[in-house]
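Trainee: Could you help me learn to read a protein model, one feature at a time?
Mentor: Gladly, let's look at it together.

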Amino acid sequence: MKKSFILIIFFLLTFVIKSYTQEESFIAISMYNFTRYVDWPLDDASSDFIIDIIGHKSVYEKLKEMTNDRKVGNRRMVVRYLDGVSSITKSDMLFLGFWQSKDMAKALAKMGNAHTLIIAEKDGMIDAGAGINFVIRNNTIKFELKRNNILKYGLKVTEELSSLAYKSY
């Protein structure tokens with residue numbers, strides 16, 4: 001009986017870890033691909049393309065690995081892991097992990113009018129100001145998009161990205 005219980009726990013943990021890893025990979029791949037569907041103003045074209053991650057170290061690690069020696073246009077991709085909202089500086093993309101979503105208002109205030117695509121992963125973050133928000137629907141991770149939350153930072157979104165979204169507002 002005890003051996004069966006331990007086996008069941010092992011298989012459940014394996015499933016949870018596998019699901020978590022798939023979520024991280026999906027988020028990292030999606031963020032990388034978003035760079036193809038969003039246009040940033042040309043006045044930023046001479047600097048590095050900065051992606052900041054707050055609160056999801058594993059997404060940071062996967063994205064950093066994926067973007068090594070990659071560019072967005074002529075801009076070198078740089079992925080940074082920040083300790084919290086207080087560490088925010090100018091970036092092109094900002095990802096707030098699930099537990100940091102509570103600090104969305106502070107993050108938005110800190111970003112000001114910067115040309116930043118703000119991405120989150122918690123229900124309700126589209127209404128709180130995120131341009132893109134990852135959600136789980138029917139046991140599948142998807143993303144929703146709010147065009148006005150992206151446009152107000154001077155970014156342009158392609159219709160193709162809007163059509164890929166689970167919901168587009």
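We will go through the sheet, a helix packed on it, and some aromatic rings.

Mentor: A word on the basis first: this is a predicted model, where local features need pLDDT of at least 70, side-chain atom pairs count only at pLDDT 80 or more, and totals for chains, interfaces and linings use all residues. Residues are numbered from 1 along each chain as its sequence is written, and side-chain values use heavy atoms, with hydrogens and water left out.

Trainee: In what order do the strands of the sheet come?
Mentor: Strands of a sheet pair through backbone hydrogen bonds, either parallel or antiparallel. Helices (H or I, at least four residues) and strands (E, at least two) are DSSP runs, numbered from the N terminus, and two strands pair if DSSP finds at least two bridges between them. Here 8 strands make an open sheet with mixed pairing, ordered S3-S4-S2-S5-S6-S7-S8-S10. Strand S3 (71-72) and strand S10 (167-168) are at the edges with a single partner strand each, so one side of each has no neighbour in the sheet.

Trainee: How many bridges join S2 to S4?
Mentor: Strands S2 (residues 49-54) and S4 (residues 75-82) run parallel and are joined by 6 bridges. Phenylalanine 49, for instance, has methionine 77 in S4 as its bridge partner.

Trainee: Which strands does H2 lie across?
Mentor: Contact means heavy atoms within 4.5 Å. Axes are lines fitted to C-alpha atoms, for helices over the stretch in contact, and angles run from 0 to 180 degrees between N-to-C directions. H2 lies across S2 and S4, at about 160 degrees to S4.

Trainee: Which residues of H2 are buried?
Mentor: Buried means under 20% relative accessible area, exposed over 50%, and partly exposed in between (1.4 Å probe, protein chains only). In H2 (residues 57-67), the buried residues are Ser58, Val59, Tyr60, Leu63 and Thr67.

Trainee: And how many aromatic pairs are there?
Mentor: Rings of Phe, Tyr and Trp (its six-membered ring) pair if their centres lie within 6.5 Å; planes under 30 degrees apart count as stacked, over 60 as edge-to-face and the rest as tilted. The structure holds 6 such pairs.
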